[in-house]
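Colleague: I am new to this structure and would like a close look at one part of it. Could you take me through the nonpolar core and its aromatic rings?

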Amino acid sequence: MSSFKEINQDTSLSIGEYGAVYESGTTSVTGSFGAIQVLGDAVFNSLTASNWTGDTLASLNVPAGVTLFGNFTAFQLTSGRVVAYNNA
């Protein structure tokens, strides 16, 4: 069972309380992000998450409206627009 603190942190992330980074260029972005929301169809050059396994999303077209959840530490776009929401 989740504690109140864990539920509160999850809710705070979902409403962007911890801030966010908007990226529409090809600059490498680093930080600690809990979610990445795609605002305009995006292609990632790289995407690093400490809790993901399997194939990479690099070169895959991610359509606008998709939100990726994970513990992201770095990403770089080839094209598109995203908002990366900071972890607590």
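Modeller: What follows describes the core and then the ring pairs. This is a predicted model, in which local features need pLDDT of at least 70 and side-chain atom pairs count only at pLDDT 80 or more, while totals for chains, interfaces and linings use all residues. Residues are numbered from 1 along each chain as its sequence is written, and side-chain values use heavy atoms, with hydrogens and water left out.

A nonpolar core is a set of buried Ala, Val, Leu, Ile, Met, Phe, Trp, Tyr and Cys residues joined through side-chain atoms within 4.5 Å, where buried means under 20% relative accessible area, exposed over 50% and partly exposed in between, with a 1.4 Å probe and protein chains only. The largest such core has 16 residues, of which I36, F44, L47, F72, F75 and V82 touch the most other members. Two or more residues come from each of β2 (29–49) and β4 (67–86), strands being DSSP runs of E with at least two residues, numbered from the N terminus.

Rings of Phe, Tyr and Trp (its six-membered ring) pair if their centres lie within 6.5 Å, and planes under 30 degrees apart count as stacked, over 60 as edge-to-face and the rest as tilted; this rule gives three aromatic pairs. F44 and F75 pair edge-to-face, at 6.2 Å centre to centre and 80 degrees between the planes, and they join strand β2 to strand β4 across 31 residues. Both F44 and F75 are buried. W52 and F72 are also edge-to-face, because their centres are 5.3 Å apart and their planes at 70 degrees. F72 is buried at 0% relative accessibility, whereas W52 is partly exposed at 34%.

Note on methods:
Helices (H or I, at least four residues) and strands (E, at least two) are DSSP runs, numbered from the N terminus.
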